[in-house]
Structures are given as C-alpha cells and as structure tokens.
Amino acid sequence: MEWLTPLVAPFIVLNAIIGIVTYVTLLERKFAARMQSRVGPYRVGPHGLLQPIADAIKLMMKEDVVPTAVDRPVYNLAPIVFLVPCMLIFATIPFAPGLGVADLNIGILFFLAVSAMEIVGLFMAGWGSNNKYALLSAMRAVNQVISYDLPFIFSALVPVLLAGSLRLSDIAAAQAGLWFVFYPVVGQLAFIAFIVSTVAAENRAPFDILEAESELVAGFRVEYSGMKFAIIQLAEYAHVVGASFLGALLFLGAWAGPGPEWLGPGWFLLKAMFVFLLVTWVRWSFVRIRVDQILALSWKVLLPATLVLLIAAAIVVVWRGTPGV
Amino acid sequence: MSADVLAFWFLAIVLVGSALAVVLTKNLFHAVLWLALALTGTAGVFLLLDAEFLAAVQLLLYAGGIVTIVVFAIVVTERLVGERLSQTSRRIGGGAVVAGGVLALLLNAMRGQPFPAARPEMAGDLTRLIGETVLTRFVLPFELLAVLMLAALMGAIYFARPDE
C-alpha cells in the first residue's frame, strides 16, 4: 500500500482542485452579480448550482476552430504548457498537518518558481496564434509579469522570515499563536502588498490590460475555442485559487481554527475562499488602469515598499532573538 | 534499474535533444522554447541530485526570467519592427569540431577519476547550509558578485539611455 500513496495523493488533489476551480467560477459570478444588484446564474439547477457543469459540457462539445495561419505545434501545446504550472503549484500546499502531495523543504520557493513558468505558456499562446491582438496581449503580459513577480516574491518572503522556514507546513505551524496578518504593522502591510501583487500577477482588473476586452478582444486567448479555451480558463482560475491558498497559508494561519482538528482543511478552504473573494472584490470594484500607471505602481511603490518590509521583518526577527512567533 | 537511473536517462535524452534543437531549428521562437525545455531539464537534474534549492532557483531565474526576456527581445525585433530573424547555423562542421573537442577534453579530464557508485548522503537541511555558507564563509565573493551585477545594470542603463 505504501507505494500507492505517491500515485493516489496527486490524483485526489488534482481532482479536488479541478472541482474547486470549476465551482469558484460560479462563486465569482454570483459575487459579481450581487455587487451589481443582479442574481447571477440561476436557471441550471437550484440557485444555478449546476451552471459550471453545464458550462464544462458546453465547452467540450464546441467545435475546435483552428485558424490556418497559426504556428500549429506552438498553438496546440500552449494551453497545456499554461495549465501544467498552474496545477503543479498545488503540489506543495499542505491542506492539513501531513495532508498534501509533497511537503518540500523549499515549499514556497517551489510555488514561486513554478508559477513563474506560467508566462512561457501564455507567450506561446500569444505568439502561436499569429494574431496582432494576441501578440500585443502577450507583450503586455511579459511587462506586467516581470514587474509584479518581484513584489509578489518579496511580500511572500515576509512570512518566511517571520517563521524562519521555507517549508509551507512550518510557516502554517508558526502561526498557531498569532496569524501573520495580525502581526503588528509588518504583517498587515505585507498582506496588502501580497493582495495587490496577486491581483496584478493574475492579470485581473484593474490590472487586466492584457485582456482588455474593449481594445484587445480577449487578449492572448482570442484565437482559442472549445476545449483549448476551456483549458486556458481552467489554468487561469487554478492560478488564482492557488495564490488564494498561498495567501491563506502565509497570512491567515492556514488550517488553524476553532473546532476539532479534522475541521482544519475546511477552515483552510474557507480562508482561501476569503482571499479569493478579496481579489474578486478588487476586480469588480476598480476600472482598468493604464500601462504606465501599472508599471509605476510596481516599480515606484510596491517594490521599494516590499523591500523595506522585508528589511523590517528581518530587524524584527533579529530583535526578538529567534525566528518564529 | 532503479528509478533514479531511469529518471537520469530520461532527463539526459530530453536535455541533449532539446539542446540540439536549440541550435538546429530555423525558427528563432521555437529555439527559445526548446531552450526553456533544456533549462527545465537542468532543473530536473538538480532535483535528482537532491539540490532542491538550486532546482527552484534554476526554474525561477532561467526558465521563468531569462527565457521571458529573450522572448521579449525576439518579439520586439521580429514582429514589431518587422525584421525577419531566422537562425541560420552556417558553420555546422566547425561547431561540431569544437563540440567534439570539448567532449574529448571533458572525457580526458574525467578519465581515471574514481566515480562513487552511490550518491553521498547529504546531511541536514541543504538550503539552510547554502544560506549559512554564503553569508559567512563566502560573504566576500557574494558581495563582490552583487557589486558586479550592479555595475552591469548601470552599464546597461547607460547604453540604453536616449541620445541627447
């Protein structure tokens, strides 16, 4: 039985994640609808609960239109190259003490490194489509990703410093006494920086210039249809959900919560959904900002701010004597 | 054959194949994608040798960062400026001779060296050890490298500034 675990655990996690990601789309649509005084999806199933399933079936049955001028191998591979890193990021996330695929000792670095690979798939889609909108979108994506990867990494490193470990389960365990978001000043500022750079790194409004529907139609995925389009959407949402889980783990104490221990994964999921709704709230509240404003926010505000935060966290750790709360 | 050996041969084939593809494909963009695969394969080799930290940094900096910048450069020159770039490997013969020479040199250096049959057991947390040695024993080279990078950065900005 022992040898089965490395095969079964990823299978379960992968399917659970796909399930969560599918339903997160419904959550977002309902949430956005309520913000705009609408009801949102309501017809399919009770309260529209079967809507994601219907969407998935619809996308699977759709015709797969491939333009003649595309760079075929690149065009066909792009959705997969895009999806793989977005799924791999869940590999190191511990959903409860000892419950996860792999609790690496460089957990957070693995997460950051793998999620940085996403841009390769995005660029393959943008280039392979042989479409000016797709290419412009991919160019903007590179601009944005280069700018916001650094604040994202630096703000995620603040909890690492406070906990004194790169292992995600250690970081979660270090918050047993005090969640890092409640850590005076440093914690709150790092959380805000994390949320802002997550919104930007996920290319969501107000930072969604790469899919700006009024100018670029749908950006890098404009030539994709059917299942390939579905895979790209799935990957994007999986990335957002992965970043939400990371935020809940780094700042909100992961599985800590009242009640018996087996409720831990439930608490973790709730907190991750809270972070997801925070990101969604930002998305549906602000208008798109210009590219120079996006770059200025990253290089002139977020980057110096997160660097100062990192140094402040280091000073706190040295001053307290030992890493960890 | 153990899983380690199997994984090594798999990675070796991927690495050599993609590295050859980098220099032999005509399409410059495809070459960069092969390069990304080769760099990811290198990260796999690091992972196989229990150097997780190096593997993660390899992915983060090379496969994520460097490839992105190279792709950016190609797109700016080829698609937006309109200049058609294609990779023409004109001196395949000469290249093969140089590559063969390097191979012979490496084999010569390695010959007679005893290779341990088993990987040495790594003691303790490697990532922690890397951090500690870099910031204690090797702190001077580390800082010098940082200064070098800064100088390179300033140089790049100097050359990139618009003409007055």
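Modeller: A salt bridge is counted here when a side-chain nitrogen of Lys or Arg lies within 4 Å of a carboxyl oxygen of Asp or Glu. By that criterion the structure holds five salt bridges over all chains. This is a predicted model, in which local features need pLDDT of at least 70 and side-chain atom pairs count only at pLDDT 80 or more, while totals for chains, interfaces and linings use all residues, and side-chain values rest on heavy atoms, with hydrogens and water left out. Residues are numbered from 1 along each chain as its sequence is written, and chains are lettered from A, and ligands numbered from 1, in the order in which they are written.

One of the salt bridges joins A:Glu28 to A:Arg283, whose closest N and O atoms are 2.8 Å apart. Because A:Glu28 lies in helix H1 of chain A and A:Arg283 in helix H11 (residues 264–285) of chain A, this pair ties together parts that are 255 residues apart in sequence; helices (H or I, at least four residues) and strands (E, at least two) are DSSP runs, numbered from the N terminus. The two partners fall in separate burial classes: A:Glu28 is buried, with a relative accessible area of 1%, whereas A:Arg283 counts as partly exposed at 24%. Buried means under 20% relative accessible area, exposed over 50% and partly exposed in between, with a 1.4 Å probe and protein chains only.

A:Arg29 takes part in another salt bridge, with A:Asp55, and there the closest N and O atoms are 3.1 Å apart. Here A:Asp55 sits in helix H2 of chain A and A:Arg29 in helix H1 of chain A, so the pair ties together parts that are 26 residues apart in sequence. A:Asp55 counts as partly exposed at 22% relative accessibility, and A:Arg29 is also partly exposed, with a relative accessible area of 38%. A further salt bridge pairs A:Arg290 with A:Asp292, at 2.9 Å between the closest N and O atoms, and A:Asp292 is partly exposed, its relative accessible area being 41%.

Helix H2 (residues 51–61) of chain A, which holds A:Asp55, is also the element that gives the most to a nonpolar surface patch, with four residues. The patch is formed by A:Tyr23, A:Leu49, A:Leu50, A:Ile53, A:Ile57, A:Met60, A:Met61 and A:Met227, with about 790 Å² of accessible area together. Such a patch is made of residues with over 30% relative accessible area and no salt bridge, like charges being joined within 9 Å and nonpolar side chains (Val, Leu, Ile, Met, Phe, Trp, Tyr) within 5 Å, and accessible areas come from the Shrake-Rupley method with a 1.4 Å probe. A:Leu50 belongs to the loop between helix H1 (5–35) and H2 of chain A, and A:Leu50 is partly exposed, with a relative accessible area of 42%.

A:Met227, one of the patch residues, falls within helix H10 (residues 226–251) of chain A. At 1.5 Å a residue, the 26 residues of H10(A) should span 38 Å, which agrees with the 38 Å between its end C-alpha atoms; the expected span is 1.5 Å times one less than the number of residues. Just after H10(A), A:Gly253 takes a positive phi of about 80°.

Helix H5(A) is mostly covered, 11 of its 11 residues being buried, among them A:Glu118 and A:Ile119, and H5(A) is followed by A:Asn130, whose phi is positive, near 55°. A:Glu118 and A:Ile119 also line the largest cavity, as do A:Asp149 and A:His239, among others. That cavity has a volume of about 100 Å³, and H6(A) gives the most to its lining, with three residues. On a 1 Å grid over the protein atoms alone, a cavity is a set of points where a 1.4 Å probe fits but cannot get out, and lining residues have an atom within 4 Å of a point; points are joined across faces, edges and corners, and the volume is the space filled by probe spheres set on them.

Definitions and conventions: On a 1 Å grid over the protein atoms alone, a cavity is a set of points where a 1.4 Å probe fits but cannot get out, and a pocket is an open set with protein on both sides within 12 Å along at least five of seven lines; lining residues have an atom within 4 Å of a point.
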